[in-house]
Each structure stands twice: as structure tokens, then as C-alpha cells.
Amino acid sequence: MISTGIVCIGLLIFNWQMGLALLWVAPVSFAIVLCSRKWQQKLGKRHMEARIELAEGIQECLETVQDIKACNQEEAYLKKLDAKMDAAEKAQISSELTTASLITTGQMFLRLGLATVIIVGNSLVMKNQTDIFTYILFLIAASRLYDPLSGAMSNMAELFGVSLQVKRLKEIEEYPDEKGEKDISTNGYDITFDHVKFSYEKNKPVLRDVSFTAKQGQVTALVGPSGGGKSTVAKLAAKFYPLDGGKILLGGKDIEPLDSTMLMKNFSIVFQDVVLFNNTIMENIRVGRKNATDEEVIAAAKAAMCDEFINRLPQGYQTVIGENGSTLSGGECQRLSIARALLKDAPVILLDEATASLDVDNETEIQNAISRLVKGKTVLVIAHRMRTIEAADQIVVLADGIVAEKGNHETLMEKRGLYRKLVDLQTESVNWKLS
Ligand SMILES: Nc1ncnc2c1ncn2[C@@H]1O[C@H](COP(=O)(O)OP(=O)(O)OP(=O)(O)O)[C@@H](O)[C@H]1O
Ligand SMILES: [Mg+2]
């Protein structure tokens, strides 16, 4: 652009009439491409959105292929995916065709300059206002000058497209970083919920008013109907979401202003939905504590009853387990996740249905491992099987976003409230028979 600009200025100084005849087309051609910028970007954005939707569709299809097949929804689902593919294709064609037509129009217009050089040059030579040498010089310039200008025009259109993507990246980049106090010295590790209110979506409160204290050195169990907010309570304790009202204290200190990463050092968490990485078993457990030695990893695996099934695998601890543990059973994934939490050995332990997909034998052994681990720690456990929490020091019953009852097993059984009902229902279901 710079060298072409210098040549243009030189030509204008050399002979302004011929220079104008040569260059008047350039601003008009650029104006055609520039003025259509909004239009090009609108189509480019539509193309990008269609592509994102298609990518999400393919991802969803891959993740849910088992359920789609199990529900005989293959045909209907693929039809929808086809429609998304068509939409992306159409959006791409219309975006690229429009841009290409506009650029070609601009470039064609540029070539008109050659005609004006011939007309103006001819008439100037006839009138003897310029010599034939200058005329030929400008004809050569016309044949050489338009190529870099055409190139610049295509690059400009390309930049419009890129600017859309840059904008999208900036949106991600400018997402505010979570900041907080790095110093998180607390006085012990009691967790206190103080009139906590919380909702994922506006006007749909999940927790309306929840207050309880999970004491250090004790096991606090959360029970209640499905959807009552138990997992939410565990996530809030680790500051996964900001509250709508009330406070959560760790060792008497409000966790709201604290830095999440530092806070997380105090938590060992086993979530309801286990996440494993496509890596070896050894590394998957080591996620709990990066600098743990192989011996420590194996000790944690033994405590979480993983050792036996790991040794059955072809490469033992070095076996790669596939995306999210796709080559393992649900119970095995859960045990790996428990091993990871045992390895981290943090002062606060959150177990969300940690033993839900284990058989009774394993469950008891893991319960033993956990009870060894929990000495002196704050443990918040969410269990669906009432039997596993009978020995908890405190049981908090969550229903409809409030604490319906709290106490230990005996007092709650005597109270004959919601807890008793849940226990009785489960005892009944154990005696169910298929007939
Ligand atoms: N990420 C989310 N976005 C919006 N709503 C959510 C989200 N997670 C949970 N919910 C809603 O919040 C409510 C409480 O969910 P939560 O997972 O805490 O229940 P739960 O007591 O753990 O249930 P379960 O016993 O089935 O695990 C439910 O009504 C659920 O639909
Ligand atoms: Mg849950």
C-alpha cells in the first residue's frame, strides 16, 4: 500500500491530468468494498453462528449417541443435524458469494481507469499538451498499478471477516477475572451457612433460607428429596456461585471475598458427576495433588478400593482410561474420584453421593476408608442411602429450599417428620419384589 501510494503521488506530480485519469477509479472501488462492510459482516456473523450451532450439534450427538440409539431417535436426530449442516453450508455460500461479488465489482471498476487513461491520453497527445512518451508511461503504469490495488481490496475484505473473529476472542478475553483475597487464614474449618439464599435463574429460588453449621471433626449429612438443593449446598460451600443473600463462613471467615483458587486448597470434593481425563489411571488420581509420589497415589487408590480393579487392567496404573473414563464402569470411575479426594487430603471434604454406584461390600469398605480419613476434618456428605448416614454426627434435611429438620438419627426418627418418612420409604423399597 505504501509503495503504491508513493508511485501514485509521483505520477500525479509528473502529470496531474493523466494521473487523475489513472487514479480516479481507486477511491470509488475502495468505497464500494468499504460501504458494504456492514453487509459483509452481517452475513459473516450469520455464517459464524451457523457454524457454532453445527459444531454444538455434532458434539451433542457424539456425547449422547448411546441414548439416541436406545430411544430409536437416530433418524429424527440425524435429520436435525442435517438441517444444521445445510444451514451452515448456505450461510457460508451466501457470505462468501456476497464478499466475492463485491470485491470483483470493485476490481472491475478499477480497470475502467485504463479506458480513461487511453481517452484522456489520446486527447492530450492530439492537442499536443503532452508527449507520446508520457502517454506510454501512463499506459504501462495502468497495467501495473491496478494489481496491487486489487490485492489490497481483497485483503481489506479478508480483514472484515477476521475482525468478527477477533471480536469474539476479545469477548472471551475480556471476561472479568475472579479476584479475591489470597490470605485465607481461618480459625478452624467449621462451615456455617447463615440464612443463605440462592437461585440459578432469576425468580426460581433453589435455596430460600438455609442455616446450619458443619463442625470440624464431625460428619454432617445432607438428605432430602431429589432436587431439594443438596448438591447446590455442596457447591456453594466451595464458592462455585455467588449468593443471592446470606453468608457462608469457613472457620468464622466469610468466604465471599476470598480467592477461589486459594480457597479450593482447603477442599477435597467428590462430585455427583465424576470427571476423568483421557490419561493414565496414575495421572488421573494424581490430579488430587500434583506433587504426590507414585507410592502415595497407590496408597490412596488402595484406600478407595481401586487397587483390585486397577491390577486387573492390562497396564495397571499406566492404563489410559479413555475420554471421561469411557472404558471403566460407573462405580470404578466413582472410586477413582474418591481416591483423588483421599490423595488431596484437604481439611474440608465434600462428598456428593460418593457411594451411590457402589455395591454394598465396597460401600462399607469405602465408608471405613473415609471414616479413617475424616478424623479432625469437616465432612459434608450427601447420600441417598439412608443407611450410610445413620452414624453421622448431624443430619440436615433439605426440602423446598429450607432446612426442614436437623439433628442426629435418633432424634430425627423420634420426631416422626420428613426424615422418618424418607427412611421408612427406603426401608419399604428394599423389601419390594418384582412379581
Ligand atoms: N446448573 C444449574 N442451572 C440451573 N438450575 C439448576 C442447576 N443445577 C441444579 N439446578 C436446579 O436446582 C435444583 C436443585 O438441584 P440440586 O442438584 O442441588 O438437587 P439435589 O438435591 O442435589 O438433587 P439430587 O438428589 O437429585 O442430586 C433443581 O431443581 C435443579 O433443577
Ligand atoms: Mg445432587
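Predicted model: local features only at pLDDT ≥ 70, side-chain atom pairs only at ≥ 80, totals over all residues.

Residues are numbered from 1 along each chain as its sequence is written, chains are lettered from A and ligands numbered from 1 in the order in which they are written, and side-chain values use heavy atoms, with hydrogens and water left out.

Select ligand 1 and the 13 residues that surround it (a heavy atom within 4 Å); the closest are Ser226, Lys230, Ser231, Thr232 and Gln272. By class, this shell holds eight polar, three charged and two nonpolar residues.

Next, show the distances from oxygen atoms of the ligand: 2.5 Å to a side-chain N or O atom of Ser226, 2.9 Å to a backbone N or O atom of Gly229, and 2.7 Å to a side-chain N or O atom of Lys230. The protein covers 62% of the 640 Å² of accessible area that ligand 1 has on its own (Shrake-Rupley method, 1.4 Å probe).

Now colour strand S1 (191-201) and helix H8 (230-237), the elements that give two or more residues to the shell (DSSP runs, at least four residues for helices and at least two for strands). H8 gives the most, with three residues.

Finally, select Asp352 in strand S7 (residues 348-352). Which side chain of opposite charge is nearest to Asp352? That is Lys235, 6.0 Å away, and Asp352, although buried, has no salt bridge (buried means under 20% relative accessible area; a salt bridge needs a side-chain nitrogen of Lys or Arg within 4 Å of a carboxyl oxygen of Asp or Glu). A polar contact of 2.7 Å does join the side chains of Asp352 and Ser231 (a pair of N or O atoms within 3.5 Å, one able to donate a hydrogen and the other to accept it).

Technical notes. Nonpolar A, V, L, I, M, F, W, Y, C, P; charged D, E, K, R; others polar. Buried < 20%, exposed > 50% of the residue type's maximum accessible area, 1.4 Å probe, protein only. Lys, Arg positive; Asp, Glu negative; His and termini not counted.
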